[in-house]
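Rough notes, in the order I checked them.

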Amino acid sequence: MMLKNYLFPKKEARLYMAFMHVTFASLLIGGLMGLLQTLSRSGQFQLPFGINYYTILTVHGVILGLVLTTFFIVGFQFALMGKTVGISDKQYKWGWVAFWTMLVGTVIAATTILVGQANVLYTFYAPLRAHAAFYIGLALVIVGSWIAVFVNFRQLYVWKKANPGQKSPLLAFMVVINMAMWFIASLGVATSVLIQFIPWSLGYAATINVLLSRTLFWYFGHPLVYFWLLPAYMAWYAIIPKIIGGKLFSDSLARLSFILLLMFSIPVGFHHQLTEPGIDPTWKFIQVVLTFMVVIPTLMTAFSIFATFETTGRRKGHKGLFGWFKHLPWKDVRFLAPFIGMVAFIPGGAGGIVNASHQMNTLIHNTIWVTGHFHLTVATTVILTYFGIAYWLVPHLTGRRLTPKLNKLGIIQTIVWTVGMTIMSTSMHIQGLLGGPRRSNFSTYAGGAQVDTWISYQIAQAVGGTILFIGIIMMIYIFIQLAFFAPRGVQEFPIAEEEVDADPTPKILENWYLWIGITVALILFAYTIPVFDIIKHSPPGSLPFDWPIGR
């Protein structure tokens, strides 16, 4: 399907840019909290004004892990849907309802954290208890995202009715897959927040079932990672080929990989609970097996991307075994930033295999290794790809251009980010192997030879975190330039076209009843019996543990 590189109507662009403004404001706030964390953990810096370490740790996790990602994804996906299938006036109005609902929820939750009433970290594990406003704010963010979900569903439905018998645009298909996964997964955390946490925080329930709350969280928490990752996959599959001057390698393979990610990303939460008592080991084993099934679409994606690179290079006449590789557009930040994200996914994925393997997980589970892994996958693979998208999406929405000067600054920013993350994440991995804990401030732990080995790595994390914050400042500057000050012009919205002689995409790949049905069946198989056992055999519920203000 041919797509014109038209600019969005101004009112549409304002909606999509609203999500981008919150995204980059979140980057600045969350990044500052991350800098303070690494400085505090080094033991060389005291937090000023009596700021609680766990307050900034919670802000960092919630603002970057939940707010930045969700706002960027919803805004980016709205833009993709607007470009490929269109948006009606009614859908546009509901898009604004989604935005304001999410923003109000974010402000409520963030304010509760900042006043010291929600030092419960990104995972908000019970029996730590926050003020009810924190959970209500989170619930509003989820509800707002659900509104966006159904707007996207409606957009594709209307397009399909207007174009009977035609396959849906690939990017619209991908958006609907991601939103279907988000909706199914977020039912778990919504259930936990509404039925467990809010009544408990308001005092209507004296205790809470800790194991059930954590199980419902990780039913959501692992597919959350793929909710972050799939927009990056969208760019890798269908946007990067256009940027390098190529075409879509395989529409069918791209759709199949997204279907497999939908099916195998949700019924796997127990691999985050391998050290958790009260869950039958058989069900842990089953979900670990399902976790490793995700390797299949991941390798399919890697094959497709590099096949695109090589095919494009050879079509342009580049010879030799790696001639195509040398001539990739390394000086185009729209390509460079996502490419480094792809490369980071190799060690990030290897670390994921360690995390999901029972014996190795027992070694690293409660260590800062996990934090290092998280920063490789999300803060490098995902965020660098988001930055790569922003370099063309923001000027396209604002009617401006990515100038050569801003492109060069973006390349420097990408290198700064990569250097800072390499230093910080590597030192986290090594300290984790030496037993360094996660979720904790600097401590000497009453001395000991093992603790002494952590110090240099904690200082390295502070160095890496400082470099990363410089990269954040640079990215904020670039965003402001692209949004308000860059020269007027038309920036390409790069969507790759399919090969002219490509094989037809099998219609079964758009059989939504089949694939969502299989997904639901896998979830019921993986969770029904263990959740029933948790409810039936759990010990008495836990009394709350509250963080006093200022402690």
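**Entry 1: what I'm looking at**

I'm keeping in mind that this is a predicted model.

**Entry 2: salt bridges**

I started with the charged pairs and got a count of 13 salt bridges. I then looked up three of them one by one.

Glu510 and Lys160 came up with their side chains in a salt bridge, 3.6 Å from N to O. Glu510 sits in the loop between helix H17 (455-485) and helix H18 (512-537), and Lys160 in helix H4 (residues 132-162), so this pair ties together parts 350 residues apart in sequence. I checked the cover on both ends. Glu510 has a relative accessible area of 16% and is buried, because the cut-off for that is under 20%. Lys160 is at 28%, so I put it down as partly exposed.

Next I took Lys167 and Glu498, whose closest N and O atoms are 2.8 Å apart in a salt bridge. This pair also links distant parts of the chain: Lys167 is in the loop between H4 and helix H5 (170-201), Glu498 is in the loop between H17 and H18, and 331 residues separate them. Both ends are partly exposed, Lys167 at 33% relative accessibility and Glu498 at 24%.

Glu497 is in the loop between H17 and H18 and Lys247 in the loop between helix H7 (240-243) and helix H8 (251-265), so parts 250 residues apart in sequence are tied together here. I noted 27% relative accessibility for Glu497, partly exposed, and 27% for Lys247, also partly exposed.

Which residues are linked in a network of salt bridges? I found Lys160, Lys167, Asp251, Arg255, Glu498 and Glu510 in it.

**Entry 3: the core**

Then I went inside. The largest nonpolar core has 178 residues, and Phe124, Phe134 and Phe309 touch the most other members. Helix H6 (residues 210-238) gives this core its largest share, 21 residues. My background note: in soluble globular proteins, nonpolar side chains tend to be buried together.

What does Phe134 touch, not counting residues up to four places away in sequence? I listed Val62, Ala109, Thr112, Ile113, Ala118, Val120 and Phe124.

**Entry 4: aromatic pairs**

The count of aromatic pairs came to 53. I picked out Tyr122 and Phe374, which form a tilted pair, 6.1 Å centre to centre with 50° between the planes. Tyr122 is in the loop between helix H3 (89-114) and strand E1 (128-129), Phe374 is in helix H14 (residues 369-398), and the two are 252 residues apart. Tyr122 counts as buried at 15% relative accessibility, whereas Phe374 is partly exposed at 29%.

Phe292, Val295, Leu299 and Ile353 make a nonpolar surface patch of about 330 Å². I followed up Ile353, which is in helix H12 (residues 333-356) and is partly exposed at 40% relative accessibility.

**Entry 5: Gly245**

Is Gly245 buried or exposed? Gly245 is exposed, with a relative accessible area of 52%, and belongs to the loop between H7 and H8. Beyond its neighbours within four places in sequence, I have Gly245 in contact with Thr312 and Lys316. I also took the C-alpha separation from Gly245 to Ser186: 38 Å, at 59 residues apart along the chain.

The peptide bond from Ala126 to Pro127 is cis, omega near 15°. Pro127 is in the loop between H3 and E1.

Phe49 is not a glycine, yet I read a positive phi of about 60°. Phe49 is in the loop between helix H1 (10-41) and helix H2 (53-84) and is exposed at 81% relative accessibility.

Ala446 also has a positive phi of about 60° without being a glycine. I placed Ala446 in the loop between helix H15 (404-433) and helix H16 (449-452), exposed at 83%.

Methods:
Residues numbered from 1 in each chain as written. Predicted model: local features only at pLDDT ≥ 70, side-chain atom pairs only at ≥ 80, totals over all residues. Heavy atoms only, no water. Patch = residues over 30% accessible without salt bridge, like charges linked within 9 Å, V, L, I, M, F, W, Y side chains within 5 Å. Areas by Shrake-Rupley, 256 points an atom, 1.4 Å probe, with all protein chains shown as cover. Salt bridge = Lys/Arg side-chain N within 4 Å of Asp/Glu carboxyl O. Helix = DSSP H or I, 4+ residues; strand = E, 2+ residues; numbered from the N terminus. Buried < 20%, exposed > 50% of the residue type's maximum accessible area, 1.4 Å probe, protein only. Core = buried A, V, L, I, M, F, W, Y, C linked by side-chain atoms within 4.5 Å. Contact = heavy atoms within 4.5 Å. Phe/Tyr/Trp six-rings, centres within 6.5 Å; stacked < 30°, edge-to-face > 60°.
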